[in-house]
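We will go from stop to stop, and at each one you will be told what to pick and what to look for.

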Amino acid sequence: MRGLLLSCLLVLGACTPGAHPISASFEAAFGIGRVGTSPDAFAALRASGAPVMLAGIEKEGRAVAMLRSASRGGIETWRSIDNVTLSLRDGIVIASRGLGDDLLIGDPGAAGAVVAAAGSALNIRIHRYLDGTDGVMIVSYVCDMAPRRARKIAMNKQQVDTVLVEEKCFAPSGGFTNLYWTRAGQVVQSRQYLSAGMGALALRLSMP
Amino acid sequence: MLVLAAPSRGQTQTQTHDRVNLSLYGMPGHVEMPSALMQPDGTLSFSSNIRDGVSRNALTFQISPRISGSFRYAYLRNFAGPTESLYDRSFDLRYQAVREGAAMPAIAVGLQDFGGTGVFGAEYLVASKRLRPDVTASAGIGWGRLGSSGSFRNPLSVIDGRFDRRPDVSGISDTGRVSLDRFFRGKAAVFGGVNWQATERLHLSFEYSSDAQRVERRTMGFDHRTPFNIAASYRLKWGGEIGLALLHGSAATLSYSFGFDPAQPRFPSGREAAPPMVVPRDDAMRQIWRRRAGPSRDDLVAAFRGQGLRITSLQRDGNSVTVGVSNTVWGAGAQAIGRAARLLTAHMPPDVETFRIRPTDKGMALAEVVIRRADMEQLEYAPDGAWQSYVRAQIGDATGSGAVMAQAYPGMAYRLAPYLSPAIFDPDNPVRADFGAQAAFEGALAPGVVLSGALRKRILGNRDQVTRVSNSILPHVRSDVGLFDRAADPEISYLTVERFFRPGRNLYGRATLGYLERMYGGISGEVLWKPVASRLGLGIEMNYARQRDFDVLFGFQDYDVFTGHASAYYDFGKSYIGQLDVGRYLAGDMGFTVSLDRAFGNGFRVGAFFTLTDAGFKDFGEGSFDKGIRLSIPVNWLVGEASRNGFATTIRPVQRDGGARLHVRNRLHDVVRDYHEPELGARWARFWR
């Protein structure tokens, strides 16, 4: 994972996920609309010096550079070149779009505050997914949050001091463990569960 | 009010629903004997098996939690005589009367081959119980084929002596009729079976069969050594199963089956690109906007086009804006409306507070969805945003046309695509198909005026090798398909001018002139009444049709007919949609068609229909009356990409001339359905997708 992240950082944008492996002729034959993708807008964003985040799908072992395209009301939205987006509040993923099994909207409860404070808490998380027939499927998790010991992680070839917070979540249908590495209360690296279909994401801010 | 957030259906994290074994008949069971079990609701499964001289292929659908149905196509070599093989189409139906309880077994009653030639005809009452998580046992009593081995006097004869005698199938003209006078009659016999899920992938079945294989012994030389059957099946990694069975100690059978739940597509949220973000009015975007003279119409049009949407009308009244939007790619109407609303937040002046979005197709505004701009800003990331945005949107009829976007007309669209056109069940060659290229165009000349056509050129195929000639005594309105197949290449599949209009509130109209379909040309008119919020739709259609020349180019033959129907459409909820059509069919016969479809929220549809007309069973010929099943699979369901296209097929056991309808394109209910309740609301969660 780390190697992959690094190589992506070196060639920004080169590691776009193969989320759209469909050929143009296939699209034409079956009337598939290539809509909403705008590589130009991505390039403009990159030229404007937007912050960069590396995002990977854990089970697929690949990563992509995402650029912050909006930051409003405490919610940051990050966009990849093929227009997959992740929305984060206080470093916690609350929505994704374009991944096949997206998090329609997540309500992480107090997770963001607990992570920032590197505290301990019992937290309720509510995830909403599209259920396959375009209805909403709601999954509630009970999560145990606690700080782990301080860690040094490698960022941009530097060793950086971080505090690690762990979030263990349980639901009748299964659980997951999220990890957040914070520096001065800000999440700089994380592993966060997204959905049954996608599994967990690995995210890392790229330091300027 | 619709239930938008339905309680979670089997959460995707735990996809370990118990596997239900299918018998060689394709229904839940043991080797050949049925069980009382049901597959998970909605499961669609395909099974195929072959042994020396016999092959059975079935499409089975779990219609509801307690009702399952199956359509089977079987081949039996030399079954009807020394040189006469049988290609047989048949239907099964099973109802689970009692659900399995802690002590109570599940109990089901079933009809096997109730409307075909009766070759597999049987009725049964069966009880099944899970003895251990991995072991299921069944015991039952059968009639007909399932009452032929070890049989005894029908216990039902206590009620009435008529149960003692089971009338024979009288001949080909008798086929296809529901054989009410045979059900549960004649001798009965008991059967039983055990299923054991030996390992995660290996499954074993053992049964005592009450099928004596009488005809097979007599005409096919089948060797019935024992009433016991045994089978093993192995689940392949990706889900399908292969199996091997030994029937009656003499016949080895190889089988394959797979099943899936249409409610669980591979990409539940789709892989389409993320939507544009909502732009709040107090955002910096507004500053950018102020610096310019105002929003440019071209920018707006381009932004919509980038999302697969076409603006057909645009009008501002005070602090509200009315936008007609034609959706070219999104399967769910709500997704198109959501994307349009997001774009409007970025492109409308800050003083516009209300968006009136009118989903428009064929120049008709199909509904008006009123969305407050403030709700867009407030609910984009609200945990319950899907539900709240639905409740706050006002959805109603769209009256008046709004200011037409001059740029939108004329609009032309072309498409070159491959086509596959199968023709199945010809006894000379059960699978025929043509593959070729189709060039289609559709041009909106003015609002509501559409010129469209399609040209097909075969590349390869064998449909032109049909040699069977129709023996129908009715006018050959459909049964001459072989003559069309032989003569038509290339063909003009259709070429029409259509006029769509709104005659009034809740009313929709269509007039079509030209080559309406492959076999007919003429003129067609239709009016539909369908309030946006109503589950009920009512329509009337009148047509004058003339049969086209076999070469499917410009000429016509002599046969012409006035045909038309009054139709009622009703959404029963829980994904069931019914339709009743009453009227005059192509051969001039009068009658009605009953259809029932299960339309999954994601657009996947499975349905069945039958038509009874005054043409009568005898004149209809083989099959007695028109009936069939149909399947419709959206491209979006298959690959998770934005598309309004799909694959649809109708499977009829036999296509004859009675009860045949004209295939007019763009029937109004299909046009309006996606933007009307309950479909619009049922898929509203896509508003934010």
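What follows is a walk through selected residues and strands.

This is a predicted model, in which local features need pLDDT of at least 70 and side-chain atom pairs count only at pLDDT 80 or more, while totals for chains, interfaces and linings use all residues. Residues are numbered from 1 along each chain as its sequence is written, chains are lettered from A and ligands numbered from 1 in the order in which they are written, and side-chain values use heavy atoms, with hydrogens and water left out.

**Stop 1: the disulfide in chain A**

Select A:Cys143 and A:Cys169, which form a disulfide with their sulfur atoms 2.2 Å apart. A disulfide is a covalent bond between the sulfur atoms of two cysteines; here it is called when a pair of cysteine sulfur atoms lies within 2.5 Å. How many disulfides does a search of the whole structure find over all chains? The search finds one. A:Cys143 belongs to strand 8 (residues 136-155) of chain A and A:Cys169 to strand 9 (residues 158-170) of chain A, so the pair ties together parts that are 26 residues apart in sequence. Helices (H or I, at least four residues) and strands (E, at least two) are DSSP runs, numbered from the N terminus.

Look along the S-S bond of A:Cys143 and A:Cys169: the torsion is about 110°, so the disulfide is right-handed. Are these cysteines buried or exposed? A:Cys143 is buried at a relative accessible area of 0%, and A:Cys169 counts as buried at 1%. Buried means under 20% relative accessible area, exposed over 50%, and partly exposed in between (1.4 Å probe, protein chains only).

**Stop 2: strand 11 of chain A**

Now pick A:Ser195, in strand 11 of chain A. A:Ser195 is buried, with a relative accessible area of 0%. Its side chain reaches the backbone oxygen of A:Asp101 at 2.6 Å, a polar contact (a pair of N or O atoms within 3.5 Å; within protein, one must be able to donate a hydrogen and the other to accept it, and residues adjacent in sequence count only if both atoms are side-chain atoms). Leaving aside neighbours within four places in sequence, A:Ser195 is in contact (heavy atoms within 4.5 Å) with A:Asp101 and A:Tyr129.

A salt bridge is a side-chain nitrogen of Lys or Arg within 4 Å of a carboxyl oxygen of Asp or Glu. A:Arg191 lies in strand 11 (residues 186-195) of chain A and A:Glu58 in the loop between strand 1 (52-57) and strand 2 (62-72) of chain A, so the pair ties together parts that are 133 residues apart in sequence. A:Arg191 is partly exposed at 23% relative accessibility, and A:Glu58 is partly exposed at 38%.

**Stop 3**

Over all chains, the count comes to 55 salt bridges. Select A:Glu76 and A:Arg68 for one of them, at 2.8 Å, N to O. A:Glu76 is partly exposed at 24%, and A:Arg68 is partly exposed at 29%.

B:Asp571 sits in strand 26 (residues 556-573) of chain B and B:Arg535 in the loop between strand 24 (520-529) and strand 25 (536-548) of chain B, so the pair ties together parts that are 36 residues apart in sequence. B:Asp571 counts as buried at 12% relative accessibility, whereas B:Arg535 counts as partly exposed at 32%. Also highlight B:Asp434, B:Lys457, B:Arg458, B:Asp464 and B:Asp489, which are joined into one network by salt bridges that share partners.

**Stop 4: the barrel in chain B**

Switch to a cartoon view of chain B, where twelve strands close into a barrel in the order 1-2-3-4-5-6-7-8-9-10-11-12, with antiparallel pairing. Two strands pair if DSSP finds at least two bridges between them. For a closer look, colour strand 9 (residues 202-208) and strand 10 (residues 228-235) of chain B, which pair in the antiparallel sense over seven bridges. Select B:Leu204, and opposite stands B:Ala232 in strand 10 of chain B.

**Stop 5: the arginine in helix 6**

Finish with B:Arg392, in helix 6 (residues 385-392) of chain B. B:Arg392 is partly exposed, at 31%. The side chain of B:Arg392 makes a polar contact with the side chain of B:Gln378 at 3.4 Å. Show B:Asp375 too: the C-alpha atoms of B:Arg392 and B:Asp375 are separated by 7.8 Å, with the two residues 17 apart along the chain.
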